[in-house]
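Please examine the structure shown below alongside its sequence. The explanation moves from overall architecture to individual helices and then to local backbone features.

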Amino acid sequence: MLENLTLGFSVALSLGGLLYCLLGVVLGTVVGVLPGLGVMATLAILMPITFHLDAVHALIMLSGIYYGAAYGGSTASILLNLPGTANTAITCLDGYPMAQQGRAGVALMMTAVASFIGSILGLLILAFCAPILARVALNFGSPEYFTLMVLGLLAAGMLSKGSQLRSVAAIFIGLFLGIVGTDISTGVQRFTFDLPELYTGLPLVAISLGLFGLPEVIANAGRKDNAPQMVGKITMRSMMPTREDLRRSTMPMLRGSAIGSFFGALPGTGSLIASFASYVVEKKSHRDPSIFGHGAIEGITGPEAANNAATQTAFIPTLTLGVPGDAIMAMMLGVMLIHGVAPGPRLITEQPDLFWGLVASFLIGNVLLVILNIPLVGLWVRLLRIPYHMLFPAILVFICLGVYSVNYAVVDLVLVMAFGLVGYGMSLIRLEPAPLILGLVLGPMMEENLRRTLMIFRGDLWAIWDRPLSVAFLACSLALVVWSLVGKSKAKRELAADL
Amino acid sequence: MRTSLIALVAALSAAPALADTWPSQTIRIVVGFTPGGSSDLVARLLAPLVSEDLGTEVIVENMPGAASTIAAATVAEANADGYTFFLSNVSANGIAPFTYPTLGYDPVADFNDVTILGYIPAVLLASKDAPVSTLEEFLAQAKAEPVLFGSGGHGTMNHVSGELLNMSAGLKMEHVAYKGSAEAMNDLLASVIDYQFDALTQNIGQINAGAIKALAITTPERSPAAPEIPTFAELGLPEVVAFNWVGLSAPAGTPDEIIAKFYEATHKAMQDAKIKAQFTKWGMFHVDSTPAEAEAFVADEVAKWGKVVHSAPVFN
């Protein structure tokens, strides 16, 4: 182990290793802070450049952008109620109310701390438990994915600021939108209106930027008062959390790191689901769930730790199995292939300098990110401290650029505008976009996995009982439902007692 | 405004004049996949070398979606002036014509093919728990009982390779579609499904580690990257030949002189040691065919996949 770490640091601490690490995390922070400019688009633009670098340097830089964006993403979520990246969408729910209460500095400080703790714990798991976790993830097939997604959607049903009925409604809208596209088993086109751009389904980036990004722009367009809603100056003093903040955040950060490490290591799930799951766990396990959505510090520190832990453990299946967990990891895999690195079970033993060099550079990168995000946060805030009449047109441009740069499809621009209007309408009737997005993402995945499970089991769904992991997920789902119902009636009783 | 004026002038001037001055502006190679895939990387490796040879800028433009048919349709409609090329491939130019309801182009009539650069073979893979370890045992099992095989998606090269095996060996394997090869591999590694068709490249590591078994490869000769895997042909199924190929094509009507010049440039680039080394690493066969060979090859592919698709119940 010591030998491996020495090797790793010798790679990561070389001039090139440090330089590309710094470049990556700075770019990542900028990309994360600015809403609409996505990690995917940035990686895509930079990939050709990395062909001229060493494999290790290329991966160090691109990884830095990826996990750096997970830090920066929360800044816009807190200050503007606009997620800088999709993975930090959940941070809006409590981060923005905190900013409105004049506690933006504390929120920024605590998300940076939570991000660091999540990353370091995730990194430890990447370094020490990679083989074990890889073996667990390796046992996942379609039945396991399907049951896991049942659990995910049930959890989403409870994830709402307002009524569960509204969030269930939003999930169903998401599920219906998920029907659009080519039927995976037969190739039949469903609701694609002969638009080839819709053959692969509604584009997630366009829909989420439309639902999360545009309504804010529309809502603010009519306002006379043109000053940004970011309140107060972000000084080091205003960033100091109280003892109470630290005490309340400790457990959520640890739980969030654990949840994030788990979901990150699973291929197919990732930071987004990890941050959602962490939020649900914090909200449901808190003795007073009603404080969530009104600036509860647990609601930002848990999910931030979770999504950062997930960005670290996401490398486990990619590096040890050659199975990318999400689109970003698929791009990383592409970079590895062009450099002749074949990710697989033997990567760690055959190319220890690459694996341990990455691990060591992640450690250095996370320390750099803390420096970038705590003492230098004012710099990033200034990026956002631009008057609305300048900021929002710029955001519109960023949104359009970001959306267009993913698929280079004009249809996506039309969709982002249409869903911006839908999102504004939804905000008027207080329908949350987050469960809709989860329904849209999980719906098609669930459908595919269920249909495959049925094909593999020859139509006999009861065969699922032979898969212990699936049974465990179903049992968890049941427990979650029971817990939610019991918790609800208990809350009602308490309310009655108060009256 | 200025570009449209240039386009107008270019269109009005006679073809020989066009060929004489070519190339005088930026050439774009339109790739129908997202950046980072092996097809995209072929184009990105090639572009700087061709650019150096022709003395003009060569850019790679990604236009992903719908199995690269969106990009193909765009290039089919582009000006035939030698400044737009399509990274042709088995999906858009071989299979999609039979599996997509509306396409907007004809893979033979709407393109002048420049070259076939290379191809990646497909492999029939078995899970480590599958009851067979050779193609012979597999064929016996598939004839005796219903067998499922997975691939990275309905209508992909790997899927139709399975249908080709069905047709040639008289099997009735049923296809299980996944969203991508990586997802299909999850199930194969977990032994949820026993068989899968997938590209050789990304699986060499798993095969060598014994996590999955390779039964046969779809190329006429064995792959230098994995010489221990037998071909379907040597095991008595010479018809089961399938390539995941990439090439370059221009819109129909592009002057022959330009096609020939562009081919010369790609031919030179293909001799580059870096490209050769990269192809070997990927398990990609180095083809580098002439325009005439490429035209004939694409026509053959269209005929072959048409026959396979029409024979498979899942498409009809």
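The structure is a predicted model, in which local features need pLDDT of at least 70 and side-chain atom pairs count only at pLDDT 80 or more, while totals for chains, interfaces and linings use all residues. Residues are numbered from 1 along each chain as its sequence is written, and chains are lettered from A, with ligands numbered from 1, in the order in which they are written.

Chain A contains 22 helices and two strands; here helices (H or I, at least four residues) and strands (E, at least two) are DSSP runs numbered from the N terminus. Of its 499 residues, 56% count as buried. A residue is buried if 20 or more other C-beta atoms lie within 10 Å of its own, exposed if 12 or fewer, and partly exposed in between, with C-beta atoms placed from the backbone. Among contacts in chain A with a separation of 6 or more, 79% come from residues 24 or more positions apart, a contact being two residues whose C-beta atoms, placed from the backbone, lie within 7 Å.

Helix 17 of chain A, residues 352-373, has 22 residues. From its first C-alpha to its last it reaches 31 Å, close to the 32 Å expected at 1.5 Å a residue; the expected span is 1.5 Å times one less than the number of residues. Because 16 of its 22 residues are buried, helix 17 of chain A is largely enclosed by the rest of the structure.

Two packed helices are described by the angle between their axes and the distance between the axes. In chain A, the axes of helix 4 (residues 55-80) and helix 5 (residues 91-100) come within 6 Å and cross at roughly 55°. Axes are lines fitted to C-alpha atoms, for helices over the stretch in contact, and angles run from 0 to 180 degrees between N-to-C directions. Helix 4 and helix 5 of chain A are therefore oblique to each other, since angles under 35 degrees count as roughly parallel, over 145 as roughly antiparallel, 65 to 115 as roughly perpendicular and the rest as oblique. On the helix 4 side of chain A, the contact is made by A:Ser74, A:Ser77, A:Ile78 and A:Leu79. Helix 5 of chain A contributes A:Thr91, A:Cys92, A:Gly95, A:Tyr96, A:Met98 and A:Ala99.

Elsewhere in chain A, A:Leu27 belongs to helix 2 (residues 15-33). With 21 C-beta neighbours inside 10 Å, A:Leu27 counts as buried.

Attention now turns to backbone geometry. Most residues other than glycine have a negative phi, and most peptide bonds are trans. A:Phe191 has a positive phi near 50° and is found in the loop between strand 2 (189-190) and helix 9 (204-221) of chain A. A:Phe191 counts as partly exposed because it has 13 C-beta neighbours inside 10 Å. A:Arg458 also has a positive phi, near 55°, and is found in the loop between helix 21 (433-456) and helix 22 (468-498) of chain A. With 10 C-beta neighbours inside 10 Å, A:Arg458 counts as exposed.

In chain B, the peptide bond from B:Trp22 to B:Pro23 is cis, with omega near -5°. B:Pro23 is found in the loop between helix 2 (15-21) and strand 1 (27-31) of chain B. Helix 4 of chain B (residues 69-77) is largely enclosed by the rest of the structure, because seven of its nine residues are buried. The buried residues of helix 4 of chain B pack against elements of chain B including strand 1, strand 3 (84-89) and helix 5 (90-99).
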